[in-house]
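Please keep the sequence and the coordinates at hand while reading.

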Amino acid sequence: MRKSSKHPITLAALLLCAMAAGGVASAQTKATAPAAAPAAAAPKGFTPPGQSRNTEIDSIAVVVNDEVITRRELAQEIDTIMQRMKAQNAQMPSPADLQRQIVEHMIVQRAQLQMAREMGVRVDDTMLDRAMVRVAAEQKMTVQQLRDQLEKQGGSYAAFREDIRNEIIMTRLREHEVDQKIQVSEAEVDSFLAAQEAAAAEQFEVNISQILVRIPENASPDVIAQRQKRAEEVMRQLRTGADFAKMAATYSDASDALQGGVVGWRQTDRIPPVFAEALVKLQPGQVTPIIKSVGGFHILKLAEKRSVAQAQAEAAVQQTHARHILLKVTPTLSAADAKRRLAELKERLDNKASTFEELARLYSNDESGKKGGDLGWLVPGDALPEFEQAMNNLKPGEVSGPVETSFGYHLIQVVERKSEDESKDKKRNEARMALRERKMVEAAEDFQREVRDRAYVEFRADDLKEAK
């Protein structure tokens with residue numbers, strides 16, 4: 001009996017990112033405070049959130065296209081990030097550097113959400129509710145338990161829901177603007193496979209972190225030189241013993257900066273070749289020289305590396321041509337009666353009083369009965385485990401006894417078996433996926449940079465102008 005196919009929910013990994021490294025405590029508290037009465041001008045420079053709670057500030061910090069980021073929104077985001085970094089025991093950058101990183105993150109996010117809104121990308125409450133159930137389930141909680149934990153830790157469930165909604169919207173935008181436009185040609189697959197076969201060195205997976213000093217689109221030579229000097233200063237500090245995670249949180253323009261620049265495990269054939277070439281020369285704990293790409297200047301740190309088992313040269317998949325007779329348990333047919341009737345049918349088959357096809361057409365309770373119980377060719381995973389196990393124990397022409405599954409009780413007959421070598425197709429599919437993933441990483445970074453560079457951004461607060 002074939003299993004019902006289940007499409008994987010690709011948002012699960014994305015939603016977990018909103019929960020990772022600090023758990024649900026990272027949800028923002030976005031309660032709206034009453035308008036503050038006129039007060040004396042705020043002192044120049046960044047005021048940590050912990051010192052600003054007695055005097056609510058609700059002035060414009062940054063204009064992004066036709067929207068604004070207020071001082072209160074910025075303070076709330078800083079407070080959230082600081083709580084998360086403290087929960088991770090991460091080294092804090094200076095208040096000014098932390099503020100600059102968070103402002104840039106909020107600008108990029110706001111610009112992407114605006115673009116998504118213009119394109120009609122929406123996530124309704126029904127879809128969001130389903131996403132929240134999945135987020136809670138991944139944390140082994142109910143939605144109510146998730147809400148309770150957020151509130152216990154001082155967070156806002158409503159704000160967390162909106163964070164998840166925004167993450168889904170930005171993922172859909174990226175899928176539309178980036179993922180769907182990526183093409184991998186057969187010639188690229190051929191070249192990839194040829195390179196793999198020619199490579200004598202063992203393949204590795206690397207656990208890496210990064211610092212990216214971004215080069216704005218259409219930057220002048222002077223701006224590029226300034227950005228290079230910034231990267232060189234980061235490298236100088238690293239060489240004198242500075243903590244990589246702190247340097248990433250302070251200087252990196254990548255989206256993972258506030259996570260210490262952690263990228264995680266990547267196969268060397270699924271990252272840009274210039275990165276892989278630099279990383280394979282390192283020992284764990286070492287950093288690469290400065291690597292220049294179209295997007296900016298990169299410094300990578302190798303945390304760990306591990307070997308990847310070579311794919312088997314041939315991968316033979318056993319296929320089974322089978323048929324069955326299914327009796328479903330109903331109010332008028334008990335389990336005991338179903339098993340007894342199937343035993344009687346098997347006895348008729350053993351005595352050659354009837355053919356399997358005849359009995360299937362007469363008695364089977366599913367659509368295959370019209371075809372004499374024929375299920376066609378099955379590969380591992382096509383059938384329910386109990387059905388597959390019983391089928392695999394049969395020789396061609398042999399009929400099983402009654403087999404119980406969630407669908408009911410079956411008699412199973414194996415018609416024939418064959419082994420088909422699928423290694424070639426499998427290798428090509430894996431190569432295509434690796435090339436697509438590599439292109440997606442590069443294209444996603446380019447897309448985010450383009451959205452940021454196209455946005456009209458005006459810094460209203462003096463201390464933000466200085467930080468810029």
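Which residues of the largest nonpolar core touch the most other members? The model is a predicted one, and in it this core has 46 residues, of which Val62, Leu98, Ile102, Ile107, Leu146 and Leu464 touch the most other members. At least two core residues each come from strand 1 (60–64), helix 2 (71–87), helix 3, helix 4 (125–138), helix 5 (143–152), helix 6 (157–177), helix 14 (423–454) and strand 11 (457–459). Helix 3 gives the largest share, nine residues. In general, nonpolar side chains tend to be buried together in soluble globular proteins.

Leaving aside residues up to four places away in sequence, Leu464 touches Ala61, Val62, Leu74, Gln99, Val103 and Phe459. Another core, of 13 residues, lies apart from the largest one and includes Leu333, Leu345, Phe356 and Ala360.

Three strands form an open sheet in the order 2-1-11, with antiparallel pairing. Strand 2 (67–70) and strand 11 are at its edges; each has a single partner strand, so one side of each is left without a neighbour in the sheet. On average, and with direction ignored, neighbouring strands of this sheet are turned by 20° against each other. Strand 1 and strand 11 are joined by three bridges, and Val62 has Phe459 as its bridge partner in strand 11.

Two helices are placed against these strands. Helix 2 lies across strand 1 and strand 2, at about 55° to strand 2. Helix 3 packs on the sheet and touches strand 1, strand 2 and strand 11, its direction making about 150° with that of strand 2.

Helix 3 (residues 95–118) also packs with helix 9 (residues 244–251), at an angle of about 60° and with the axes 7 Å apart. The angle makes helix 3 oblique to helix 9. Asp97, Arg100 and Gln101 of helix 3 make the contact with Ala248, Ala249, Thr250 and Tyr251 of helix 9. By class, three residues in this contact are nonpolar, two are polar and two are charged.

Elsewhere, strand 3 (residues 204–214) has 10 of its 11 residues buried. Strand 3 runs antiparallel to strand 6 (residues 296–307), and 11 bridges join the two; here Ser209 has Lys301 as its bridge partner. Strand 3 also pairs with strand 4 (residues 262–267) in the antiparallel sense, over five bridges, where Glu205 stands opposite Gln267.

Terms used. Residues are numbered from 1 along each chain as its sequence is written. This is a predicted model: local features need pLDDT of at least 70, side-chain atom pairs count only at pLDDT 80 or more; totals for chains, interfaces and linings use all residues. Side-chain values use heavy atoms; hydrogens and water are left out. Buried means under 20% relative accessible area, exposed over 50%, partly exposed in between (1.4 Å probe, protein chains only). Helices (H or I, at least four residues) and strands (E, at least two) are DSSP runs, numbered from the N terminus. Two strands pair if DSSP finds at least two bridges between them. Axes are lines fitted to C-alpha atoms, for helices over the stretch in contact, and angles run from 0 to 180 degrees between N-to-C directions. Angles under 35 degrees count as roughly parallel, over 145 as roughly antiparallel, 65 to 115 as roughly perpendicular and the rest as oblique. Contact means heavy atoms within 4.5 Å. Ala, Val, Leu, Ile, Met, Phe, Trp, Tyr, Cys and Pro count as nonpolar, Asp, Glu, Lys and Arg as charged, and the others, Gly among them, as polar. A nonpolar core is a set of buried Ala, Val, Leu, Ile, Met, Phe, Trp, Tyr and Cys residues joined through side-chain atoms within 4.5 Å.
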